[in-house]
Amino acid sequence: MVPVTDLQEMYEAMVTARHYEERLQEEYLEGKQPAFDISAGPIPGELHLAAGHEASGAGVCQHLRDDDTVTAPHRPHHIAVAKGVDLKRMTAEIFGRETGLSKGKGGHMHLFDPDVNFACSGIIAEGCPPAVGAGLAAKKRNTDSVAVAFLGEGAIDQGAFLESLNMAAVQDLPVVFVVEDNDWAISMPKERVTDVENGAQRAGGFDLPGTRVDADDAVAVYEAAREAIGRARDRNGPSLLEVQVHRRMGHFMGDPQAYRSDEDEEAAQQRDSIDRLEADLRAHGVDNETVASLRSSAQERVEEAIEWAKEQPEPEPADAHEDVFTNPPSGVTDSEPNAAKTETGGDD
Ligand SMILES: Cc1ncc(C[n+]2csc(CCOP(=O)(O)OP(=O)(O)O)c2C)c(N)n1
Ligand SMILES: [Mg+2]
């Protein structure tokens with residue numbers, strides 16, 4: 001049995017994430033055309049959208065508390081929304097504003113919200129070792145909190161992931177690894193780089209349980225995640241859950257997807273877990289009015305966050321070298337913030 005309130009909360013998280021990204025797209029494209037200038041407009045830099053992944057974030061995070069840790073990859077918005085990351089400060093971060101979660105220095109791939117123990121990174125599989133660390137901390141502190149590491153199927157051959165699975169298994173840690181399989185790693189189809197069709201099989205090599213579900217059915221994701229997270233919370237060890245999601249868009253905004261057939265893209269767009277969950281809600285007796293109000297309150301929240309973020313101040317250039325691990329290169333002073341470019345020949 002799935003409590004209908006859980007279904008409603010998942011639906012709310014999913015429509016919030018979808019609408020949020022639709023609005024981000026509009027904001028992102030401002031000023032970038034006609035020749036795509038990635039550094040122009042209110043959201044400079046890359047933007048990876050997760051349309052078609054929403055059921056994975058919502059179905060998993062529905063079982064999590066604020067004190068549980070989540071690490072996410074470079075496509076993080078649907079997971080951040082479902083984990084309860086502060087939407088206003090997240091948006092300010094994406095817009096590079098001073099009141100953003102990381103004072104506007106991280107951008108959309110580097111969102112950190114210690115209030116709900118959420119972090120993400122643009123480095124593939126990077127979230128796995130910190131999730132294992134959080135699981136180890138929970139074990140040592142003897143709490144019942146858990147850690148979840150989300151990653152893409154393109155990361156399942158990475159050492160960081162495999163070593164993390166091993167460490168979690170050997171130490172019997174409360175960690176769940178959630179692989180979002182959208183069949184693509186940028187332009188690379190999964191079958192060209194990975195020997196297994198079902199990534200959950202990776203768990204077998206570490207004597208851990210592995211399950212695969214399809215995100216078309218958000219309720220199935222919810223149920224599989226309930227088992228995996230319950231197992232971790234009850235201190236019965238780690239596990240791996242692979243969720244088949246669908247990449248409805250390009251790898252990043254502006255990706256012409258010349259490598260992908262129209263049929264593949266259309267097939268992804270036709271499979272929408274949000275529509276299916278809406279039908280599930282109705283089957284559970286939720287009326288049209290309630291569904292409409294969940295949608296409109298999600299839209300209002302998104303609008304408020306975007307409006308608030310756009311009014312926030314830009315960071316001071318002089319603060320660029322604060323909150324970083326290394327000192328500025330020699331010769332760079334607060335009064336000469338661009339000197340590093342001259343010295344290193346670039347800003348990579
Ligand atoms: C360690 C590392 N190697 C390579 C990259 C470049 N890169 C960025 S996204 C990506 C593909 C990721 O594919 P997947 O894990 O399937 O996630 P998806 O983008 O499909 O959600 C790669 C290779 C990186 N960011 N980090
Ligand atoms: Mg992928």
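How many helices and strands are there in the protein? The protein contains eleven helices and nine strands, where helices (H or I, at least four residues) and strands (E, at least two) are DSSP runs numbered from the N terminus. The model is a predicted one, in which local features need pLDDT of at least 70 and side-chain atom pairs count only at pLDDT 80 or more, whereas totals for chains, interfaces and linings use all residues. Residues are numbered from 1 along each chain as its sequence is written, and chains are lettered from A and ligands numbered from 1 in the order in which they are written.

The overall dimensions were examined next. The C-alpha atoms of the protein fill a box of roughly 60 × 50 × 40 Å along the principal axes. For 348 residues, a compact globule would have a radius of gyration near 20 Å, and the value for the protein, 20 Å, agrees with this; the radius is taken over C-alpha atoms, and the globule rule is 2.2 Å times the number of residues to the power 0.38. Of the 348 residues, 42% are buried. A residue is termed buried if 20 or more other C-beta atoms lie within 10 Å of its own, exposed if 12 or fewer, and partly exposed in between, with C-beta atoms placed from the backbone. Among contacts with a separation of 6 or more, 71% are between residues 24 or more positions apart, a contact being defined by C-beta atoms, placed from the backbone, that lie within 7 Å.

Seven of the strands form an open sheet of mixed pairing, in the order S2-S3-S1-S4-S5-S9-S8. Two strands are taken to pair if DSSP finds at least two bridges between them. Strand S1 (residues 69–72) runs parallel to strand S4 (residues 147–152) and is joined to S4 by three bridges; Thr71 has Ala149 as its bridge partner in S4. Helix H7 (residues 218–233) packs on this sheet, where H7 touches strand S5 (175–181), S8 and strand S9 (239–244), and the direction of H7 makes about 165 degrees with that of S9. For such angles, axes are lines fitted to C-alpha atoms, for helices over the stretch in contact, and the values run from 0 to 180 degrees between N-to-C directions.

Strand S9 has parallel partners in S5, over six bridges, and in S8, over five bridges. Phe177 stands opposite Leu240 of S9, and Asp214 has Gln244 as its bridge partner in S9. Six of the six residues of S9 are buried, so the strand is largely enclosed by the rest of the structure. Ser239, Leu241 and Val243 point one way from S9, while Leu240, Glu242 and Gln244 point the other way. With residues up to four places away in sequence left out, Gly210 touches Ala200, Gln201, Arg202, Ala203, Gly204, Ser239 and Leu240. Gly210 and Ile186 are 24 residues apart in sequence, and their C-alpha atoms are 25 Å apart in space.

Ile94, located in helix H4 (residues 87–94), counts as buried with 28 C-beta neighbours inside 10 Å. Apart from residues up to four places away in sequence, Ile94 touches Leu24, Ile43, Gly107 and His108. The C-alpha atoms of Ile94 and Leu24 are separated by 9.1 Å, although the two residues are 70 residues apart along the chain. His284, in the loop between helix H9 (273–283) and helix H10 (288–311), is partly exposed, with 13 C-beta neighbours inside 10 Å. The contacts of His284, not counting residues up to four places away in sequence, are with Val4 and Leu7.

Ligand 1 is surrounded by 14 residues, of which the closest are Arg75, Ile124, Gly152, Gly154 and Ala185; a residue is near a molecule if its C-beta atom, placed from the backbone, lies within 6 Å of it. By class, this shell has six nonpolar, six polar and two charged residues. Ala, Val, Leu, Ile, Met, Phe, Trp, Tyr, Cys and Pro count as nonpolar, Asp, Glu, Lys and Arg as charged, and the others, Gly among them, as polar.

Notes:
Contact = placed C-beta atoms within 7 Å.
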